[in-house]
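Dear colleague,

Please find the structure below, together with its sequence. A short account of the findings follows it.

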Amino acid sequence: MTAKPVVRRGGPLLGLAALLLAAAPAAHAACPMELSVYGDATDAAGLDFRPTGESMVVTNTFRMNLRIGVQLDGIVMWSEETPRPYASLMYQCPEGDVTGDEIAECTLWEGPVYAAGEDGKVGTIPAERTPAPQTLIFPDLGPTLRQASIFGEDVDDARLPGDIFTLKGCQE
C-alpha cells in the first residue's frame, strides 16, 4: 500500500512566499531624482544628483565626476521661450554676486536634457521627488566637452563622456 502525499494548504512555505511578494515592491522602490546616480557607457563620467533646496529657478542640481579627476557642477532650469529643461555644466565658477559674463566664461556646456524610460519613451528630465528615469540624454555634451579649453589639446576622446547616461543606483 502506498501512502498518499500530504498536501497542506497555508503552511509555512506559503506564508514565506506571501511575505516575499509583499516585500517585493519595497525592494524595487524607485529612486527619487535628487538621489540618483548615472554613468555613461565607457565609465568616463558619472552624474550624482543632489537635493536642490528651495530654489525658485533651479529644478535639479548635480555633479559630473570625470574619470580624469575633474568635477563639473550642473544645474537644470526651465527655459522661458519654449518650456523645457535646460541644463548647464560649469567648471570652477566664482560664487556669490557674479555677472553673466563670469558665468558664461566658466560654463562648458549648456543645452536641453531629456529622459527616457525603460519603455523607450523620451520626455523631459523629471523634477525632484519623482522617480529617476532609466536614461538621461545630454545632446552634444561629448563633442562640446572635447572642445573645452580646460582639457588642453591632447584630450583623449575615450576619457571624456558621450551624451547618454544610464541609471546606476541611488544614494542613501
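The fold contains an open sheet of 10 strands in the order S6-S5-S4-S3-S2-S1-S10-S9-S7-S8, with antiparallel pairing. Strands are DSSP runs of E of at least two residues and helices are runs of H or I of at least four, both numbered from the N terminus; two strands pair if DSSP finds at least two bridges between them. Strand S6 (107-112) and strand S8 (122-124) are the edge strands, each pairing on one side only. On average, neighbouring strands of this sheet are turned by 30° against each other, direction ignored (axes are lines fitted to C-alpha atoms, and angles run from 0 to 180 degrees between N-to-C directions).

Please note that this is a predicted model, in which local features need pLDDT of at least 70 and side-chain atom pairs count only at pLDDT 80 or more, while totals for chains, interfaces and linings use all residues. Residues are numbered from 1 along each chain as its sequence is written, and side-chain values use heavy atoms, with hydrogens and water left out.

Within the sheet, strand S1 (residues 36-40) and strand S2 (residues 45-50) run antiparallel and are joined by 3 bridges; Val37 has Asp48 in S2 as its bridge partner. Their hairpin has 4 residues between the strands, and Asp43 there takes a positive phi near 60°. S2 is also joined by 6 bridges to strand S3 (residues 58-66), again antiparallel, with Gly46 partnered by Asn65 in S3. S9 and S10 run antiparallel with 3 bridges, and Thr135 stands opposite Thr166 in S10.

The whole structure holds 5 aromatic pairs (rings of Phe, Tyr and Trp, the last by its six-membered ring, with centres within 6.5 Å; planes under 30 degrees apart count as stacked, over 60 as edge-to-face and the rest as tilted). Phe138 and Phe165 form an edge-to-face pair because their ring centres are 5.6 Å apart and their planes lie at 80°. This pair links distant parts of the chain, 27 residues apart: Phe138 is in the loop between strand S9 (135-137) and helix H3 (141-146), and Phe165 is in strand S10 (residues 164-170). Both Phe138 and Phe165 are buried (under 20% relative accessible area, 1.4 Å probe, protein chains only). One aromatic cluster is formed by Tyr38, Phe49, Phe62, Trp109, Phe138 and Phe165.

Yours sincerely

How values were computed:
Buried means under 20% relative accessible area, exposed over 50%, partly exposed in between (1.4 Å probe, protein chains only).
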